Amino acid sequence: MTDTAAQAALHAASEARAGDVTLTGVTKRYGDQTAVDGLDLHIAQGEFLSLLGPSGCGKTTTLRMIAGFEEPDAGDIRISGSSVVGVPPHRRNVNTVFQQYALFPHLTVAENVAFGLRRTRVPRSEIRDRVVEALDMVRMRSFADRRPAALSGGQQQRIALARALVNRPSVLLLDEPLSALDRQLREEMQVELKLLQARLGTTFVFVTHDQGEALSMSDRIAVMRAGRIEQLADADTVYGSPSSAYVAGFIGRQNFFSGTAAGATVEADGLTLRGTADLVAGTAVRAAIRPEAVRLAPGEDAGENRIVGRLVGISHLGESMQYIVESGRHSIIVLTPRPSAPSVRPGDAVTLSWAASDVAIFPDDGATPAPATAAA
Amino acid sequence: MTTTAPPQQRATLPPAPRRRLRLPGFLMALPAWSWLLVFFVAPVGLVIYYSFGYKPGLFATHATDVLSFDRYLEALSPTFASVFLNTLWVGVIGTILCLLIAMPAAYWIATKVPANRRGLMLGLVLVPFWTNFLVRTIGWRVMLAPEGFLSEWMVGLGLGPIEILNTRLAVLIGVVYNYLPLMILPLYVAFDRVEGPLREASKDLGADRVRTFLTVTLPLARPGIIAGVLFVYIPLMGDYITATVLGGAQGTMAGQLVASQFTTAQNWALGSAMAVVLILTTVLSAVAAAAMLWLVTWPLRLANRMRIGEAS
């Protein structure tokens with residue numbers, strides 16, 4: 001974490017562009033609970049950054065401190081280069097899309113969108129044009145004169161987005177804005193949000209507990225745990241090279257094997273896994289293999305990184321097939337794209353194999369990521 | 001939809017359950033309707049009817065064989081009219097004072113007090129209500145008496161004795177004290193309904209505390225404010241216990257006049273006419289206040305209105 005701290009300080013020192021957000025040693029406590037613990041984070045202008053983690057990891061508190069609804073107990077927050085500690089929310093050039101949208105029920109859609117502009121010195125004629133422009137942007141112009149209560153969740157979501165973006169904030173904060181939508185709408189909105197962000201070039205800070213959301217939209221993902229950032233990297237790195245068992249378990253699904261390291265191999269309860277890392281013999285480790293990295297073949301053909309098991313379950317997941325294989329005391333999940341799915345039936349003996357490069361080995365950090373659960 | 005059983009089965013089937021009697025829905029409100037009819041519509045109708053009559057002799061209270069507006073002319077004579085104006089003054093000022101005191105208190109309880117202590121705060125607001133109305137009001141006589149302890153302290157501080165007992169100021173203090181909980185409760189409910197995220201959204205969009213209160217909290221709390229104002233204003237206009245105990249000769253209110261016509265003077269006709277004038281004064285003044293408020297805020301509403309329209 002020290003090099004990120006240095007990096008953050010360096011960014012703070014150098015002239016920051018409008019839309020930069022820099023957090024240095026930010027700490028927030030509630031009673032004896034530490035919600036955010038010495039957080040260092042630099043968000044570049046125009047970046048789409050996700051704060052990802054389970055509830056209680058401090059991601060929403062971090063967002064609320066950037067918005068100004070909470071003040072940090074220690075540390076500094078800089079937006080566009082200047083410190084905003086002690087600056088009330090109405091004087092920060094950031095806008096928020098709230099989880100439950102928080103649209104004003106006594107105003108029409110257009111009046112909701114105009115709310116922020118009316119607090120500024122924007123002339124009346126321009127307010128109207130910009131409201132129309134913002135409503136066009138989210139394709140909600142025909143709903144301009146309705147009340148929010150007459151709109152569906154997805155439509156309210158769009159209005160909340162327009163109401164925030166119409167002010168042309170240097171940073172847009174989104175607090176789990178898609179969590180109240182059903183799945184199909186959520187996926188549509190993910191695409192729309194990403195396109196909008198790319199077009200506007202506004203810095204987006206997106207809080208979510210949904211790893212799929214974070215992976216699909218973010219330039220970078222900050223995986224949070226207990227008030228700290230566990231890993232900060234682009235989606236590909238976080239998915240492909242998680243820095244810890246916690247991250248590996250939180251992003252995507254994993255087959256985890258607890259065991260003892262011996263060089264490049266892990267002894268895990270009757271199973272020998274060979275990875276590429278060189279490990280101190282005798283240390284407690286967790287090995288992780290992605291379900292999609294496992295190949296499944298009919299028949300029995302054991303070997304290194306190759307185990308024999310019995311197929312106990314098959315489920316269709318649309319574009320892919322999921323197999324659950326029992327081998328000794330382990331239960332392993334395999335994901336295979338549908339076109340290349342082997343023809344096997346429950347009860348069949350099968351062989352699972354994977355490449356050594358697909359075995360990720362982490363020190364046992366005591367975290368208990370959800371065991372590789374069957375069915376999405 | 002009805003399904004008929006095949007003929008061969010019909011004999012073996014138990015008799016079809018009797019169609020359940022469905023009463024029309026408005027019957028649920030029947031107790032309330034009958035209560036209103038017996039204790040509100042009928043007496044008020046009688047009062048209106050009596051108000052057109054007269055007092056036929058020393059030992060009769062009313063007669064309606066000759067109907068006229070004469071009792072209304074009596075009720076609006078200068079002596080009585082000044083009492084009505086006095087009542088209006090106490091009613092309007094009292095309601096405004098209640099609103100001004102209750103607004104910050106209710107806002108504080110609804111938004112600043114931690115949720116687990118709000119019940120306690122509301123309980124404290126209600127505690128005086130558990131004490132007899134008359135006892136509480138007489139308590140104020142002790143407080144305001146020129147020879148009372150409060151007055152003596154004031155003398156000690158060189159501020160002179162308090163000499164407001166038996167004036168309309170004493171009545172005003174009494175009614176504000178007595179009716180304040182009736183204002184705080186609906187205002188609390190109203191402010192409580194304005195969710196925290198809405199106020200946060202307002203601040204997020206550049207409105208400071210005052211603007212947030214004026215443009216978000218207050219408009220959303222409006223139904224509660226209207227309810228609170230009516231809860232206080234209407235009983236306050238008809239109040240006569242507070243005025244009897246604290247008002248003396250200078251602080252007489254219309255309610256006392258009505259009561260004395262019915263009891264001491266035994267003139268039900270004049271008492272009825274006064275009661276009708278009091279009811280009309282209360283209703284018309286409330287309507288006038290609402291209309292005035294609507295007119296005054298009209299330019300503001302016009303300025304905040306925004307219609308896009310699909311065609312434009």
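In the UniProt record, an unreviewed entry, the feature "transmembrane region" is placed at residues 26-52, 88-110, 122-143, 169-191, 212-234 and 273-297 of chain B. The model examined here is predicted. Two of these spans were examined for helix content. Residues 26-52 of chain B are 81% helix and 0% strand. The end C-alpha atoms of residues 26-52 are 35 Å apart. Residues 212-234 of chain B are 100% helix and 0% strand. Here the end C-alpha atoms lie 31 Å from each other.

Helix packing within chain B was then considered. Helix α12 of chain B covers residues 254-262, and helix α13 of chain B covers residues 268-296. The two pack at an angle of about 160°, and their axes are 7 Å apart. Because angles over 145 degrees count as roughly antiparallel, α12(B) is roughly antiparallel to α13(B). Their crossing is left-handed. From α12(B), the contact draws on B:A254, B:L257, B:V258, B:Q261 and B:F262. These meet B:W268, B:L270, B:G271, B:M274, B:A275 and B:L278 of α13(B). By class, the residues of this contact are nine nonpolar, two polar and no charged.

Chain B also touches chain A. The contact involves 20 residues from chain B and 27 residues from chain A. On the chain B side, α9 (196-204) and α10 (209-238) each provide at least two residues. The largest share, six residues, belongs to α9(B). The side of chain B that touches chain A comprises ten nonpolar, three polar and seven charged residues.

Notes
Residues are numbered from 1 along each chain as its sequence is written. Chains are lettered from A and ligands numbered from 1 in the order in which they are written. This is a predicted model: local features need pLDDT of at least 70, side-chain atom pairs count only at pLDDT 80 or more; totals for chains, interfaces and linings use all residues. Axes are lines fitted to C-alpha atoms, for helices over the stretch in contact, and angles run from 0 to 180 degrees between N-to-C directions. Helices (H or I, at least four residues) and strands (E, at least two) are DSSP runs, numbered from the N terminus. Angles under 35 degrees count as roughly parallel, over 145 as roughly antiparallel, 65 to 115 as roughly perpendicular and the rest as oblique. A crossing is left-handed if the near helix is turned anticlockwise from the far one by less than a right angle, and right-handed if clockwise. Two residues are in contact if their C-beta atoms, placed from the backbone, lie within 7 Å. Ala, Val, Leu, Ile, Met, Phe, Trp, Tyr, Cys and Pro count as nonpolar, Asp, Glu, Lys and Arg as charged, and the others, Gly among them, as polar. UniProt positions are given in the numbering used here, feature names are shortened, and annotations may be inferred rather than shown by experiment.
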